[in-house]
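Colleague: I'd like a close look at the charged side chains and how they pair. Please take me through them slowly, with the distances.

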Amino acid sequence: MDTQVVIAGAGPVGLFLAGELRLAGVSVLVVDPLAEPSPHSKGLIVHPRTVEVLASRGLLEPFLSEGITMPSGHFAALPSRLDYGPLGTDFPFVLSVPQTRTEKLLGDNASRLGVELRRRHRVTGFDEREREIAVTIEGPDGSYEVRADYLVGCDGANSTVRAAAGIDYVGTTSTVIDWLGDVSLDNPPDTVPYATFSGKGAVMLVRMPGGVFRFVGGTPRSVTTDWLGELTFEEFRANIISVTGSDFGMHSPTWLSRYGNASRIASSYAQGRVLLAGDAAHQHMPTGGVGLNLGVQDAMNLGWKLAAVLNGWAPDGLLAGYHDERHQVGEAVLEITQAQTALMSNYSPDGLRLRDVISSMIETMPEFSFTLAERISGLGVHYPPADPDAHPLTGRRVPNLGGTLFDSLNSGRYVLLEFNGSVGEVTHPWLITRSVARGELPPEWAGVDAALVRPDGYLAWAGAAGDARAAVAATSTATVARQTEPVTAVR
Ligand SMILES: Cc1cc2nc3c(=O)[nH]c(=O)nc-3n(C[C@H](O)[C@H](O)[C@H](O)COP(=O)(O)OP(=O)(O)OC[C@H]3O[C@@H](n4cnc5c(N)ncnc54)[C@H](O)[C@@H]3O)c2cc1C
């Protein structure tokens with residue numbers, strides 16, 4: 001075998017996944033046709049669950065120090081914003097970090113962990129065999145083959161890997177084509193984030209690091225299936241003036257672009273030795289700024305499972321659980337994004353009334369607002385357990401218990417938490433044990449003596465100390481790890 005995993009695509013998802021696999025000792029080759037990363041930042045908004053994910057891998061500090069913090073999110077750019085305060089996270093805010101920076105930081109991490117990245121190389125196809133997958137790659141010196149255990153398509157919405165695998169990309173094409181511009185402003189509005197919506201159109205404005213501002217928006221003319229051509233600065237400026245009455249002294253555009261509301265999801269995230277993650281697995285309107293977040297969380301879910309298979313300790317069905325868990329999350333994101341698109345592209349008097357109604361519900365119904373905030377932030381993701389008798393928190397994301405759980409997860413291993421004295425010796429190929437004082441637990445953890453947290457931060461099991469050993473045993477085969485030394489509870 002030339003390498004254990006080939007990843008097609010050095011976007012944020014491919015780079016994050018590469019780091020996850022290396023953390024578990026898996027050999028990885030990443031290829032990407034781009035000679036240099038794109039200078040333009042499609043993505044900007046990093047939501048609370050992704051902030052937790054970054055903290056759980058020791059990657060958060062530069063994001064926090066460079067990013068601009070906003071204590072609330074939005075739903076369909078409605079005037080009433082979603083308060084992230086009650087979400088029960090150490091990080092109740094969104095960060096504005098340009099995608100170029102995110103990719104640089106994730107790329108640095110991957111390279112520090114020993115990932116090989118070949119730029120100017122693209123995956124063109126593969127031949128899946130019984131014990132390996134032969135991946136065809138085209139580079140500057142021609143075509144060659146790399147033999148691997150698995151191929152992961154992180155190659156974006158037009159994924160070559162997905163097409164070569166014959167996996168359907170099911171959904172709808174664009175019926176709305178909105179626009180964005182990154183510009184400097186001599187006279188920004190007094191309050192940013194800024195949003196306005198009327199029969200004339202919609203405009204949202206956020207700050208980007210480096211004194212740049214990003215406008216996104218649309219007008220009734222955007223509700224079309226026709227491609228409107230390259231966006232010029234003149235058209236962009238005229239659009240902003242037509243909706244807001246001002247150009248805010250804009251100048252020096254660094255990026256102008258259009259984007260649509262095509263909404264598609266791969267029918268399967270896993271097929272034989274081929275897996276899909278990120279935009280290769282799902283695509284939707286950027287409304288709400290969740291695509292990159294969703295993709296990074298796919299990679300977090302996939303990385304440790306694939307590594308467990310390659311390291312020889314995965315129980316049956318662990319890798320299949322990747323599709324089962326993440327496909328339903330992708331569907332839910334498409335649902336809420338399409339709902340927002342409907343609210344953001346109906347400029348008729350009836351559409352404006354609907355916006356008023358939903359906005360006032362957000363303002364006056366805390367539970368409604370909380371549910372939307374949970375969905376947009378990614379904190380509401382839940383993988384329901386098969387066992388009806390499992391503890392009610394099973395499958396939910398575990399907050400930073402004791403203020404130290406996220407640090408413990410930096411190891412990329414399962415974390416066995418003891419709240420009530422020792423659970424005794426447990427042996428597992430990929431586990432550490434930590435004690436947390438009971439007094440530091442949120443009320444819903446009352447009565448729990450011990451908890452087993454998966455490497456991606458979701459609860460595998462919670463219960464009585466005496467049951468911990470069996471719960472741990474259920475997460476791995478009896479076979480001792482092939483690549484990894486067995487670890488007896490590290491304290
Ligand atoms: C206008 C806009 C604003 C957005 N704002 C946000 C936001 O605020 N927050 C957010 O979370 N998301 C946002 N998104 C979505 C986000 O940008 C994407 O979800 C994210 O880029 C997906 O990452 P990815 O790594 O899956 O794919 P990509 O970023 O598309 O990366 C795919 C990589 O694969 C490479 N590739 C292509 N073909 C091959 C091949 N054959 N072999 C090898 N490599 C290949 C490409 O060169 C590319 O580098 C926005 C998107 C748009 C368009």
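**Charged pairs, one by one**

Modeller: Happy to! Arg 129 is partly exposed, at 33% relative accessible area (buried is under 20%, exposed over 50%, partly exposed in between, with a 1.4 Å probe and protein chains only). Please bear in mind that this is a predicted model, where local features need pLDDT of at least 70 and side-chain atom pairs count only at pLDDT 80 or more, while totals for chains, interfaces and linings use all residues. Residues are numbered from 1 along each chain as its sequence is written, and side-chain values use heavy atoms, leaving out hydrogens and water.

Arg 129 pairs with Asp 127 in a salt bridge, with 3.2 Å between the closest N and O atoms (the rule asks for a side-chain nitrogen of Lys or Arg within 4 Å of a carboxyl oxygen of Asp or Glu). Asp 127 is likewise partly exposed, with a relative accessibility of 38%.

Next comes Glu 66, which forms a salt bridge with Arg 101, their closest N and O atoms lying 2.7 Å apart. Here too distant parts of the chain are linked, as Glu 66 belongs to helix α3 (residues 60-66) and Arg 101 to helix α4 (residues 99-112), 35 residues apart. Glu 66 is partly exposed, with a relative accessibility of 31%, and Arg 101 is partly exposed at 30%.

Charged residues also turn up around the ligand: its shell has five of them, along with 15 nonpolar and 10 polar residues. Among the 30 residues around the ligand, those that come nearest include Asp 32 and Asp 279 (a residue is near if one of its heavy atoms lies within 4 Å). Helix α7 gives the largest share of this shell, three residues.

Technical notes
Helix = DSSP H or I, 4+ residues; strand = E, 2+ residues; numbered from the N terminus. Nonpolar A, V, L, I, M, F, W, Y, C, P; charged D, E, K, R; others polar.
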